[in-house]
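Hi,

Here's the structure I promised to pass along.

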Amino acid sequence: MADYPTPSQYQEALQVPATAFADPDLQDATPRTNVLGLPQPITGAFAAVFPMERPAGSPVAAKCFLNEQPRQQRRYEAIAAHLAEVDMPAFLAFDYQPEGVRVGGAAYPLLKMEWAEGTALNRFVEAHLDAPAVLERLAGAWADLMGRLEQEDLAHGDLQHGNVLVQSVGDTLRLRLVDYDTMYVPALEGERSAEVGHRNYQHPDRTEADFGPTLDRFSGLAIHTALRACAHQPSLWERYDTGENLLFRDADFYAPDDSPLFEELCTIEPVAEEVEALRTACYVEPTAVPSVSDVRAGDVTIRSGEVTRKERRREGAREERSLFARAFGPLLLTIVVGAVGLAGAGWPLV
């Protein structure tokens with residue numbers, strides 16, 4: 001794989017948009033800058049996104065990739081073609097340009113995207129913990145979005161706080177989804193996911209092989225449950241927010257029966273059934289997770305494989321502890337015996 005520029009190298013090149021970009025629209029745009037006057041990227045694991053101000057029209061985003069992804073162009077072309085056939089305001093318009101940006105004399109792919117202003121999902125929740133009605137409306141809007149995604153055979157693939165923006169338009173809450181690197185559309189059937197998404201939102205057994213129209217069910221249910229739980233018990237936020245989650249962490253999903261959070265959520269009567277559905281979903285196959293719509297309707301009966309997976313994880317934990325004991329037990333014993341011997345000979349122990 002070819003070496004791709006670093007965020008700082010992109011930052012240096014974008015100081016002169018006229019020579020950095022192949023797109024005439026971006027050539028005339030001006031990057032937003034930091035306090036040093038340099039283009040300011042929003043950097044993730046796979047890309048650096050630069051907001052660009054245009055002389056006329058709304059801002060756009062220039063997404064510059066940090067590494068080469070297999071079949072990247074094909075994926076984005078398939079996603080663009082499918083989105084063109086559906087009317088979903090949650091998605092942003094974009095244009096994949098195979099040689100859209102030049103750095104050090106070499107051309108690299110670029111994603112030119114509509115820029116969406118909004119508040120990251122976790123920050124919006126935090127700001128409205130004292131407004132339960134707003135959080136319930138947000139949960140309703142989220143459920144509607146999850147239902148529409150399944151209706152259109154779409155899956156985002158990495159639903160998490162940083163990829164969901166909330167916009168308030170009067171009393172209406174509008175949700176926008178960003179970052180389509182892991183998105184599924186029917187034309188990509190049979191391929192593997194580019195990544196497995198944020199672990200604090202994903203099914204504990206998800207792998208790159210899990211890639212299909214039900215991909216968002218688990219994260220969608222986890223987010224919906226967290227939103228409703230915060231609406232009914234805002235104090236949860238203070239105890240369970242890490243800045244990188246929406247109440248839940250990956251350990252909660254791996255062993256929900258041992259999770260203090262799940263234990264506490266089960267006592268909140270209005271969300272108890274949804275919490276139980278999510279707990280059960282942690283133990284079934286990722287493709288067997290019920291949809292948010294089914295959970296809201298009380299139509300959840302799938303429990304296949306729950307005991308098997310639960311016991312398998314506990315066996316795995318015991319095996320890990322056993323391996324640790326076999327590997328390090330003799331060494332620790334040797335250290336202790338040696339230390340005692342030195343102490344008996346008059347050596348001080350620290």
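**Cavity and pocket notes**

By class, the largest cavity is lined by five nonpolar, two polar and three charged residues (Ala, Val, Leu, Ile, Met, Phe, Trp, Tyr, Cys and Pro count as nonpolar, Asp, Glu, Lys and Arg as charged, the others, Gly among them, as polar). This is a predicted model, where local features need pLDDT of at least 70 and side-chain atom pairs pLDDT 80 or more, while totals for chains, interfaces and linings use all residues. Residues are numbered from 1 along each chain as its sequence is written, and side-chain values use heavy atoms, without hydrogens or water.

That cavity has a volume of about 60 Å³, and helix α6 (residues 132–151) gives the largest share of its lining, three residues. Cavities and pockets come from a 1 Å grid over the protein atoms alone: in a cavity a 1.4 Å probe fits but cannot get out, a pocket is an open set with protein on both sides within 12 Å along at least five of seven lines, and lining residues have an atom within 4 Å of a point. Volume is the space filled by probe spheres set on the points, which are joined across faces, edges and corners.

The largest pocket comes to about 790 Å³. Of its 29 lining residues, Ile42, Gly162, Asn163, Val178 and Asp179 lie nearest the centre. β4 (60–65) and β6 (106–114) are among the strands that each supply at least two lining residues (helices are DSSP runs of H or I, at least four residues, and strands of E, at least two, numbered from the N terminus). β4 and β6 run antiparallel, joined by five bridges (pairing takes at least two DSSP bridges).

Cheers
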